[in-house]
Amino acid sequence: MVVKTRIPGRHRLSKAHVAAVLIATAGLLAVPAAVAKDFRPGDLRVCGQAHCVPIMNRSLLRVLSSYYWGPTRVTRAAPVRNGASAFELRFRNGYASGIVASARLDRFRAYGFFCGRFQRGKWYGFPARASAALRKLTAGLRPLRVSAPPRSC
């Protein structure tokens, strides 16, 4: 037997009200996953000193989208020395999101596009699948050189 007590100044919640609150809460919790950006072919380019190559491989774009905005934490990596070979990753509008550097292109430094995920001037490990694909895409490009990071968040 359930005993219902009424607290002065408090109102009983109906089952419909409780259900509405639970649905609203579930909707709010689902928003971060829905906000994540999915790259389409050509939305991201890898650039050297004089040329850029659009990234068209959907599998690679899914890996990069997950890396940029995914739920898992990105891991910090050892810094890359100034002067090392690097390539910029640029959005379709020309904004450089960061650079991928080292001989294996396995480290990434963001330029302030997602300040909650990446910190200015810090290096992060880059996904192995993405590194291998970018090495192929950049085979004919003249690399940039790592220098001090631009101002960002």
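Helices (H or I, at least four residues) and strands (E, at least two) are DSSP runs, numbered from the N terminus. On that basis, the protein chain has 3 helices and 7 strands, and from the N terminus on its elements run α-β-β-α-β-β-β-β-α-β. This is a predicted model, in which local features need pLDDT of at least 70 and side-chain atom pairs count only at pLDDT 80 or more, while totals for chains, interfaces and linings use all residues. Residues are numbered from 1 along each chain as its sequence is written, and side-chain values use heavy atoms, with hydrogens and water left out.

**Confidence**

- The chain averages a pLDDT (the predictor's confidence in each residue, from 0 to 100) of 79, and 73% of the residues score at least 70.
- Over residues 17-36 pLDDT stays under 50, and the model has 2 contacts (heavy atoms within 4.5 Å) beyond four places in sequence for them.
- Where pLDDT is low, the predicted coordinates should not be read in detail.

**Overall surface and contacts**

- Of the 153 residues of the protein chain, 34% count as buried; buried means under 20% relative accessible area, exposed over 50%, and partly exposed in between (1.4 Å probe, protein chains only).
- The accessible surface of the chain comes to about 10,100 Å², of which carbon and sulfur atoms hold 58%; accessible areas come from the Shrake-Rupley method with a 1.4 Å probe, and for residues only the protein chains shown count as cover.
- Among contacts between residues at least 6 apart in sequence, 61% join residues at least 24 apart.

**Nonpolar cores**

- A nonpolar core is a set of buried Ala, Val, Leu, Ile, Met, Phe, Trp, Tyr and Cys residues joined through side-chain atoms within 4.5 Å.
- The largest such core has 24 residues, of which Leu89, Phe108, Phe126 and Leu134 touch the most other members.
- At least two residues of this core come from each of strand E1 (44-47), helix H2 (58-69), strand E3 (85-91), strand E5 (107-110) and helix H3 (128-137); H2 gives the largest share, 6 residues.
- Another core, of 9 residues, lies apart from the largest one and includes Ile99, Ala101, Tyr111 and Val146.

**Helix H3**

- Ala130, Ser131 and Leu134 are buried in H3. These residues cover an arc of only 100 degrees around the axis, which puts them on the same side of H3; the arc is that of the directions from the helix axis to the C-beta atoms.
- The buried residues of H3 pack against E1, H2, E3 and strand E4 (96-101).
- Leu134 touches Val46, Ile55, Leu60, Leu89, Val100, Leu105 and Phe126, leaving aside residues up to four places away in sequence.
- Ala128, Arg129 and Lys136 are exposed, on the face of H3 turned away from its buried side.

**Trp123**

- Trp123 is placed in the loop between E5 and strand E6 (124-125), and is buried, with a relative accessible area of 5%.
- Its C-alpha lies 6.5 Å from that of Ala78, although Trp123 and Ala78 are 45 residues apart in sequence.
- Not counting residues up to four places away in sequence, the residues touched by Trp123 include Thr75, Pro79, Ile99, Ala101, Phe108 and Val146.

**Disulfide**

- The count comes to 1 disulfide, defined as a pair of cysteine sulfur atoms within 2.5 Å.
- Cys47 and Cys52 form this disulfide, with their sulfur atoms 2.0 Å apart.
- The torsion about the S-S bond of Cys47 and Cys52 is about 110 degrees, so the disulfide is right-handed.
- Cys47 is buried at a relative accessible area of 0%, whereas Cys52 is partly exposed at 29%.
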